[in-house]
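The sequence and structure come first, and the description follows.

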Amino acid sequence: MLVAEGASAGGLLMGAVANQAPELFGGVVAGVPFVDALTSMLDSTLPLTVTEYDEWGNPEADPEVFAYLASYAPYDNVAAVDYPPILAETSLNDTRVLYVEPAKWIAKLRATATGRRDFLLRTEMAAGHGGVSGRYKSWHDRAFTLAWILDRMGLAEAPPAVVVAPTGDDPEEPRV
């Protein structure tokens, strides 16, 4: 099963493809995702909005830009469909993509989607847009994400809870 992953503007892409073709994915990981792009781009008081006009356009000043952005903006296009499992990862101290964007998106998915509604919001309390500092914490966070992906792909199996050593009394018993 295909699991897609992207962060920041790539998280926007993950939200857009989840809306447009949810049946193609076994899971979606959206890291610090720019999923409420239309609302953010309409608020010129946000620190990065005006500087992003070169890349995204100004939806407030240009109706074509507004219509185009509205056509694929993940939050605005959540529908009553069966979405794949989604892991949205955000950081409380992210000044580029505010944590409220993935929080609103996950809440809307939970309220609107049909089917299993397997949507997880993971919020790092002491990180910014680039994630946590320190390699061990960074590895821990990446391990969480990869474990989630492997689980969605059906590749994560828990080890047996109890291992019983053969007694040697039964000739059909396998040897360890």
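## Aromatic pairs

By the rule used here, which pairs rings of Phe, Tyr and Trp (its six-membered ring) if their centres lie within 6.5 Å and calls planes under 30 degrees apart stacked, over 60 edge-to-face and the rest tilted, the count comes to 3 aromatic pairs. One of them joins Tyr-83 and Phe-119 in an edge-to-face arrangement, 6.3 Å centre to centre with 75 degrees between the planes. Tyr-83 lies in the loop between α4 (63-72) and β3 and Phe-119 in strand β4 (residues 119-124), so this pair ties together parts that are 36 residues apart in sequence.

Tyr-83 counts as buried because its relative accessibility is 1%, and Phe-119 also counts as buried, at 5%; buried means under 20% relative accessible area, exposed over 50%, and partly exposed in between (1.4 Å probe, protein chains only).

## Basis of the model

This is a predicted model, in which local features need pLDDT of at least 70 and side-chain atom pairs count only at pLDDT 80 or more, while totals for chains, interfaces and linings use all residues. Residues are numbered from 1 along each chain as its sequence is written, and side-chain values use heavy atoms, with hydrogens and water left out.

## Fold and core

The protein chain has 6 helices and 4 strands, taken as DSSP runs numbered from the N terminus (helices H or I, at least four residues; strands E, at least two). Along the sequence these elements follow the pattern β-α-β-α-α-α-β-α-β-α, and buried residues make up 39% of the 176 residues.

The largest nonpolar core has 17 residues, of which Val-28, Tyr-83, Ile-86, Trp-105, Ile-106, Leu-109 and Phe-119 touch the most other members; such a core is a set of buried Ala, Val, Leu, Ile, Met, Phe, Trp, Tyr and Cys residues joined through side-chain atoms within 4.5 Å. Two or more residues come from each of α1 (9-20), β2 (27-31), β3 and α5, with α5 giving the largest share, 3 residues.

## Charges over rings

The charged end of Lys-108 sits over the ring of Tyr-75, 4.3 Å from its centre, where the rule asks for NZ of Lys or CZ of Arg within 6 Å of the ring centre and within 35 degrees of the ring normal. Arg-122 lies over the face of Phe-144, at 4.3 Å from the ring centre.

## Position of Tyr-99

Tyr-99 is found in the loop between β3 (86-91) and α5 (100-112), and this residue is partly exposed, with a relative accessible area of 37%.
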